[in-house]
Structure formats: structure tokens, C-alpha cells
Amino acid sequence: MPKKFQGENSKAAVAKARKAEAAAQEKLKKDKAEEEAFWDDDDKQIKKKLARKEDRDKKRQAELERKAQNRALAEDEVAEIVPKLPPQKVTAYQLQKNREKQEAEKESIETHLDVPLVENLNRDTDEIVSASGIDAALSALSVPDDSTDRHPERRMAAAFKAFESVRLPQIKKENPNLRLSQLKQMLRKEWQKSPENPLNKRQLE
């Protein structure tokens with residue numbers, strides 16, 4: 001009959017020790033979690049405040065990063081536009097040359113004072129009639145028989161006004177029941193045939 005094994009199996013002992021250590025670690029973790037849960041603040045208002053504070057901090061950080069990025073881009077653009085040239089020393093001779101060049105440019109620029117005045121052809125002083133009163137206006141507008149009137153169209157408006165101021169009151173007296181538009185229509189018809197019309201004078205000549 002074989003002998004009974006006396007003593008401890010080393011492999012079983014190692015496995016047992018490992019299991020005991022794992023159980024101890026698990027218990028330690030569980031106890032720690034329970035303790036943290038016990039001391040954790042369950043107030044919802046405080047949690048909301050903390051969440052808002054975190055959001056504000058995140059937004060501020062994002063804003064600062066965006067500003068820094070924009071500043072860096074602006075500096076890069078300026079660096080591209082303005083080439084970084086080494087500062088050159090300007091001699092007195094070069095300064096004198098630059099001054100002379102600027103003075104020459106100033107003298108060469110033509111201003112409105114250098115251009116001679118040109119007569120304004122839009123206004124013809126011969127055609128201006130100044131008269132006070134109807135008789136004076138008619139006499140100023142009347143053309144002598146010996147000279148031919150070459151441009152009756154220019155004096156048409158003034159002649160018509162003079163004709164209207166004389167003839168309209170007479171037509172009103174003759175036709176008191178008519179409206180002003182009808183009176184003016186009659187006046188126009190008369191004006192077409194009137195000898196005071198400059199166009200009719202021209203046709204007669």
C-alpha cells in the first residue's frame with residue numbers, strides 16, 4: 001500500500017494565496033467606493049453650478065485659443081505683405097536727391113490755377129432781356145423790321161408770357177363761365193395765329 005502524501009502542495013498553495021490577495025484587493029476597492037459615495041455631495045444645485053462653471057471655463061478657453069489663432073494669422077499676413085528687409089542706411093546725398101525729385105514732381109503737377117479761364121458759352125448775354133412792366137417787356141422783345149430774326153425759338157417763351165399777360169384777362173371778361181384750362185386752350189389757339197408769335201413773323205418774311 002502506497003504511502004499517503006504528507007505535506008502541502010506548492011502549486012495549490014500559490015493559487016490559494018493568489019485568490020486570497022485578489023479577494024482582499026476587491027474588498028479594498030469596494031470599501032473605498034462606499035466611502036467616496038458616502039462623502040460625495042448629492043446636492044443637485046451644486047452639481048449644476050459646477051457644470052455651468054466648467055462650461056464657462058471651456059468657452060473662455062476656446063475664446064482665448066480663437067483670439068490667439070486670429071492674432072497669429074494676422075501676424076502671418078502682415079509678414080507676407082511687408083517683406084522683412086534689412087534696414088538700409090540713407091546717406092545725405094540720397095536725401096538731397098529725394099527732396100529734389102519731390103520738388104520737381106510738385107512743379108510738374110498742373111493745378112486749376114495754371115489753366116487759363118475759358119468763356120462760358122452756355123450763357124449768351126445778348127439774349128437776356130431785363131424790363132419792368134408789360135410795355136417795357138413788349139418793347140424790349142420787339143424786333144426791328146430791317147433786321148431778320150434768325151432765332152425766334154429762343155424768344156418764344158418770353159413772347160408768349162407777354163401775350164398771355166395781356167390777352168388772358170380779356171378772354172376771361174369775354175367768357176366768364178369757362179374754366180382756366182379752357183381759357184388757356186383758347187389762348188393757345190390765338191397764339192398760333194397771332195402776329196406777335198415769332199414763328200409767324202418768320203413765316204411772313
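Modeller: Of the 205 residues in the chain, 9% are buried, where buried means under 20% relative accessible area, exposed over 50% and partly exposed in between, with a 1.4 Å probe and protein chains only. What you see is a predicted model, in which local features need pLDDT of at least 70 and side-chain atom pairs count only at pLDDT 80 or more, while totals for chains, interfaces and linings use all residues. Residues are numbered from 1 along each chain as its sequence is written, and side-chain values use heavy atoms, with hydrogens and water left out.

The part you ask about is the largest nonpolar core, which consists of 8 residues, namely A159, F160, F163, L168, I171, L183, L187 and W191. A nonpolar core is a set of buried Ala, Val, Leu, Ile, Met, Phe, Trp, Tyr and Cys residues joined through side-chain atoms within 4.5 Å. Two helices, α5 (156–174) and α6 (180–193), each supply at least two residues of this core, and the largest share, 5 residues, comes from α5.

On the α6 side, the helix has 14 residues and reaches 20 Å from its first C-alpha to its last, close to the 20 Å expected at 1.5 Å a residue, the expected span being 1.5 Å times one less than the number of residues. The buried residues of α6 are L183, L187 and W191, and because they cover an arc of only 80° around the axis, they lie on the same side of α6; the arc is that of the directions from the helix axis to the C-beta atoms. The face of α6 turned away from this buried side carries the exposed residues K189, Q192 and K193.

Rings of Phe, Tyr and Trp (its six-membered ring) pair if their centres lie within 6.5 Å, and planes under 30 degrees apart count as stacked, over 60 as edge-to-face and the rest as tilted. F160 and W191 form an edge-to-face pair, at 5.3 Å centre to centre and 70° between the planes; since F160 lies in helix α5 and W191 in helix α6, this pair ties together parts that are 31 residues apart in sequence. The rings of F163 and W191 have centres 5.2 Å apart and planes at 45°, so this pair is tilted, and it links F163 in helix α5 with W191 in helix α6, 28 residues apart. Ring pairs thus link F160, F163 and W191 into a cluster, in which F163 is buried with a relative accessible area of 6% and W191 is buried with 2%.

Leaving aside neighbours within four places in sequence, F160 is in contact with L187, R188 and W191, contact meaning heavy atoms within 4.5 Å. E164, also found in helix α5, counts as buried because its relative accessibility is 18%, and, not counting residues up to four places away in sequence, E164 touches P169, K184 and L187. E164 and R188 are 24 residues apart in sequence, while their C-alpha atoms are 9.0 Å apart in space.

Conventions:
Helices (H or I, at least four residues) and strands (E, at least two) are DSSP runs, numbered from the N terminus.
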